[in-house]
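Take a walk through the fold shown below.

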Amino acid sequence: VEGVAQVDLKLNKAGAQAVMFSQAGVTSPAAMALNIAPVAGSTATMKLTTGVSAPQANGGSFAQQPVITLLDQFGNVNIGDNSSVVTVSKKDAGSWTLTGNTTLTAVAGVISFTDLGATNAAGITGAQLAFDATGLTQITSVALNLPEPQGAQSITASAATLTPVVGVNNGITLTVKNSLGNTDTTFTGTKEVTVSGYDVAPDGTYGSLGSTALAASPSKINVDFVEGVAQVDLKLNKAGAQAVMCSAGQRRQLRAAASDNAAGPVWECKHWRQQYGCYCVEEGCRKLDVDGECDVDGSSGCHYLYGSGSYECSWNHRSPTGI
């Protein structure tokens, strides 16, 4: 009207934009750009912008922590939202417990969880997280598989009496625990037990474990475990205080995956030996070359497990199954 038009402009994208207008029939049709910076509207939806991934080990934190982004109706991040509260919870009905700080307040439209984890007494398939905020539709994570507890992580010993008569059987109970500190019911069969700390009697004898005579400390004797527990008689021939130690384990050999070097080194592991360093030693972890000889620089693939006194071996830092 008389060279002037008034019209409403609606932009759905938040952020700086240089909007240009031009008019046909005008000698200089292009008008000066308008630098417009729309701000996001109120929060309308949530989006899981960083997904969650399973813990690397039982009882640990999720390897990748979830990040939630708050969006307006057009999908713009509502950077002005510093008040929405998001709570994460279990979505599935599996037997596991969500750990960590489960309720956070948005900062500039983003909620970043940092310490979520899971505890479970057995392996879980299909674990899933749900995220809720007042007035917003719930969103969920992908389904995850939670690792089972690591077996054969520690061993305890108890005795029927701590003041036995020399030369008389004393009932000993050996219990193997998993990474949760529960009895490892998968630990079954004949296992080699190392007994040490006992003394020689004046007649030169030591005693026995089960039906096997003890020799000079330490002695390695086969003992039968049933679902993580072994009952065996210990006979000591030397009177006086003795700190008798028992350790148990089994040695396995694992060859690297074909994608790494199938014809290459073999890792040999033996649990239970508290040796703080992975070198070419009789116990602990060591790397063997293709001829079965000791590889003296084979320490890089051996990892101490959570202060438990045991080790795992891997090639190129990949954990093989069965350890």
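Leaving aside its neighbours within four places in sequence, which residues is aspartate 72 in contact with? They are Ala40, Gly41, Ser42, Ala44 and Thr45, where contact means heavy atoms within 4.5 Å.

A word on the source first. This is a predicted model, in which local features need pLDDT of at least 70 and side-chain atom pairs count only at pLDDT 80 or more, while totals for chains, interfaces and linings use all residues. Residues are numbered from 1 along each chain as its sequence is written, and side-chain values use heavy atoms, with hydrogens and water left out.

Back to aspartate 72. It lies in the loop between S4 and S5. Helices (H or I, at least four residues) and strands (E, at least two) are DSSP runs, numbered from the N terminus. Aspartate 72 is buried, yet it has no salt bridge. Buried means under 20% relative accessible area, exposed over 50%, and partly exposed in between, with a 1.4 Å probe and protein chains only. A salt bridge needs a side-chain nitrogen of Lys or Arg within 4 Å of a carboxyl oxygen of Asp or Glu. The nearest side chain of opposite charge is lysine 13, 9.2 Å away. Lys and Arg count as positive, Asp and Glu as negative; His and the chain ends are not counted. What the side chain of aspartate 72 does reach is backbone. The backbone nitrogen of glycine 41 is at 2.9 Å. That of phenylalanine 74 is also reached, at 2.9 Å.

Threonine 43 comes next. This residue sits in the loop between strand S2 (34–36) and strand S3 (45–50). Threonine 43 counts as buried because its relative accessible area is 19%. Its side chain makes a polar contact with the side chain of asparagine 78 at 2.9 Å. A second one goes to the side chain of aspartate 81 at 2.6 Å. A polar contact is a pair of N or O atoms within 3.5 Å; within protein, one must be able to donate a hydrogen and the other to accept it, and residues adjacent in sequence count only if both atoms are side-chain atoms. Beyond four places in sequence, the contacts of threonine 43 include Leu70 and Leu71.

In S4, both faces are covered. Val67, Thr69 and Leu71 are buried on one side, Ile68 and Leu70 on the other. S4 pairs with S3 in the antiparallel sense over five bridges. Strands pair if DSSP finds at least two bridges between them. Leucine 48 has isoleucine 68 of S4 as its bridge partner. S4 also pairs with strand S8 (residues 110–112), antiparallel, over three bridges. There, valine 67 is partnered by serine 112.

Now the surface. Serine 95 is in the loop between strand S5 (85–90) and strand S6 (97–99). Its relative accessible area is 63%, so serine 95 is exposed. Leaving aside neighbours within four places in sequence, serine 95 contacts Asn120 and Ile124. Threonine 163 lies in the loop between strand S14 (154–159) and strand S15 (170–177). Threonine 163 counts as exposed because its relative accessibility is 68%.

Finally, the whole chain. Its secondary structure comes to one helix and 27 strands. Buried residues make up 35% of its 323 residues.
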